[in-house]
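Me: I would like to learn how to read a model of this kind, feature by feature. Please give the general idea each time, then the case at hand.

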Amino acid sequence: MFKPWLVFQLFLRSSRVQKKRAFLTVAAIAWGSLSLVLLLAFGEGMKRQLTRAQAGLGTDIAIMWPGETTLPWEGLPAGRPIRPRLEDVEMLAERVEHVSGVSGEMTNYRAPLTYGRTTINGRVTGASLAYGELRNHLAASGGRFLNILDEKLRRRVIFLGWTLAEDLYGEEDPVGRTLLVDDVPYTVVGVMEEKLQMGAYGGPDEDHAVIPITTFKTQFGRDFLSNLVVQADRPESMTAVLEGVREVLAAKYGFDPEDERALPTWNTVEGAAIMGNMLLGIQLFLGIIGGLTLFVGGIGVANIMYAVVKERTKEIGVKMALGARSRWVTGPLVLEGLTYTLLGGVLGLIMATGVVALLELLPTGGNEALEFLGKPTLSLPIAIATAAILGLIGLLAAYFPARRASLVDPAETLRYE
Amino acid sequence: MSEPQTPTGAAARATEPDTQPLIHMSGISKIYDTGKIQVEALLDIDLDVRNGEFLSIVGPSGSGKSTLMNLIGCLDTPTAGTYELQGEPVSGMTRTELADVRNRRIGFVFQNFNLIPQISTWENVEMPLLFGRVGKKQRRERVEELLEKVGLADRGEHKPTELSGGQMQRVAIARALAMRPALLLADEPTGNLDSSSGGDIMTLFEELWRQGHTMVVITHDLALAQRTKRRIELHDGRITQDSHSK
């Protein structure tokens, strides 16, 4: 019969370990917990930053470029170019299931952009309306992204990436000012809010400019899209969305919907899944390293508990002679080992919280490495994982010494002084 | 667990008519096997002790006294022979059952007192009551009563190390009596005491015996053994004399 209350009372009444020794043991556990929690927090922080950076490109999107057929189709030979047009954007948005947004892009990679005496050969993208949302182009306060009237009226308005804006305007606020694109005047309507971006095609969003796709067509006389951007309503439906897009375009342009090379595609959902697994792997790895550090602390606890059992052999023998069942001898010892472990764990957690709060104060602006690594984050799963590992190590560290105590032969211990 | 016993139940058992001996040992041997050499600590011991007896076991060191005490006290099990305590065979009991037997039926008094030094006198006496899972209120009453009985009512808060040898042994006796055991088993109880304190302890033992306790004292002090009512002499693991002195 196990009596927790009795075990607790006996624990309160068993003799105490030397303060210095107990302190060192607790410190070792605290150090181990600190390492574990910090490593996990760094992993978590990195995961959140990477997830944010991924969202910088767009969430659950795929990019499709014009390509060439590789399979013959209904009498047509392989090797024909497939080049979607602007009107396909609306058709795809209407016909493909599970699609939550479609946008077309036309890009001029070297358009001369002039403000005052500054001219930069920049990337100008003509984009249809949904682009802003699909590709997370949020306007910093004081500006806006392109809207439906801009597209319908073919207005000469332009939205700038923040680096490009700074290169052209320096300290000035670009919104409302005129910018010459290939000598045609445009009005700046917004500047992009700074964002973390991982993954790009053509170049990072911070140094390109976006104009309405209708205006682009007019100015540069382009007819074909540089690429399509499609967004699925859920990550799981991306495959279906891509199949749908291929079917609709295959029917229109006459190619085999199975012919993937007709529309080369970058499915970012796949990448996100791979990255999710990688991040999980990294977190596991960090957790294992931290856990091993903590394990060393656990060995310290086991060590002190073995010493305790040895020192108290006689006390244990006396208790057994007085009628203590072996659980009443081992129970308080396990409780003692757990107490050192949990005490150290709590101390480590407090220190880790302090370190994380201090790192939060550290400026990370500009430095990309710091932006990804310098944001350790504590979370509930981390706390739960740490508590579980601590509890397990504490139990293991206390169990084996306690088992030795239960094997004490009272007759043997009582005979000698 | 055996039937739920209150301490009063155990006391009632100690005074009930002698239908059976308290201790019944027959053909008991204890052989320590240390690999190559076999040490015969006890050989073919037959011993009956009735309720209310005051018995001493004497013999030179190495005669097997301590081994006999460990066997009687259920701290050790014999190599051969049967041992019944209050009619119940002890051999074949689990460790837990043996622990309960030691808790409820046997009170130990040791030569070196074996009090736990870090806790108070009071808590030392209370220890067997905790193991016996006696309620809190009853524990307090019982400890007070016991400390009163051994004349140390005012020393409850002291640590054992703050007491004299004689006082420590009286605390140990109070502890031994806590669960109202059927048998009080003392191993050289005066061995670490000066003669005056030793005499006091012996007087206390006699008093306890008159109150109905069964006492077994192991000693090599013949003067002390003279004061017991029955004396058993042990030599080389055998009982050489069993005298009911007057």
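Reply: Helices (H or I, at least four residues) and strands (E, at least two) are DSSP runs, numbered from the N terminus. The model is predicted, so local features need pLDDT of at least 70, side-chain atom pairs count only at pLDDT 80 or more, and totals for chains, interfaces and linings use all residues. Residues are numbered from 1 along each chain as its sequence is written, while chains are lettered from A and ligands numbered from 1 in the order in which they are written.

Me: Is A:Leu12 buried or exposed?
Reply: A residue is buried if 20 or more other C-beta atoms lie within 10 Å of its own, exposed if 12 or fewer, and partly exposed in between, with C-beta atoms placed from the backbone. A:Leu12 counts as exposed because it has 11 C-beta neighbours inside 10 Å. From A:Leu12 to A:Ile382 there are 370 residues in sequence and 31 Å in space, C-alpha to C-alpha.

Me: Which class does A:Val229 fall into, buried or exposed?
Reply: A:Val229, found in strand E10 (residues 227-232) of chain A, counts as buried because 25 C-beta neighbours lie inside 10 Å. Two residues are in contact if their C-beta atoms, placed from the backbone, lie within 7 Å. Leaving aside neighbours within four places in sequence, the contacts of A:Val229 include A:Ile61, A:Ser103, A:Tyr131 and A:Arg135.

Me: How many residues does the largest nonpolar core have?
Reply: In soluble globular proteins, nonpolar side chains tend to be buried together. A nonpolar core is a set of buried Ala, Val, Leu, Ile, Met, Phe, Trp, Tyr and Cys residues joined through C-beta atoms within 7 Å. The largest one here has 118 residues, and among those with the most contacts inside it are A:Val37, A:Met305 and B:Val216. Helix H2 (residues 19-57) of chain A supplies the largest share of this core, 13 residues. A second, separate core of 54 residues includes A:Phe159 and A:Met238.

Me: In what order do the strands of the open sheet in chain B run?
Reply: Strands of a sheet pair through backbone hydrogen bonds, either parallel or antiparallel. Two strands pair if DSSP finds at least two bridges between them. In chain B, 4 strands form an open sheet in the order E2-E1-E4-E5, with antiparallel pairing. Its edge strands, E2 (37-49) and E5 (88-89) of chain B, each pair on one side only. Strand E4 (residues 80-85) of chain B and E5(B) are joined over 2 bridges, and B:Leu85 stands opposite B:Glu88 in E5(B).

Me: How many residues does each chain bring to the contact between chains A and B?
Reply: The contact takes 25 residues from chain B and 21 residues from chain A. On the side of chain B that touches chain A, the largest share, 7 residues, comes from H3(B).

Me: Into which domains is chain A divided?
Reply: Domain bounds come from an automatic or database domain assignment. Chain A is divided into domain 1 (4-55 + 272-415) and domain 2 (62-268). Their centres, taken over C-alpha atoms, are separated by 53 Å. Domain 1 of chain A gives 8 residues to the contact and domain 2 of chain A gives 6 residues.
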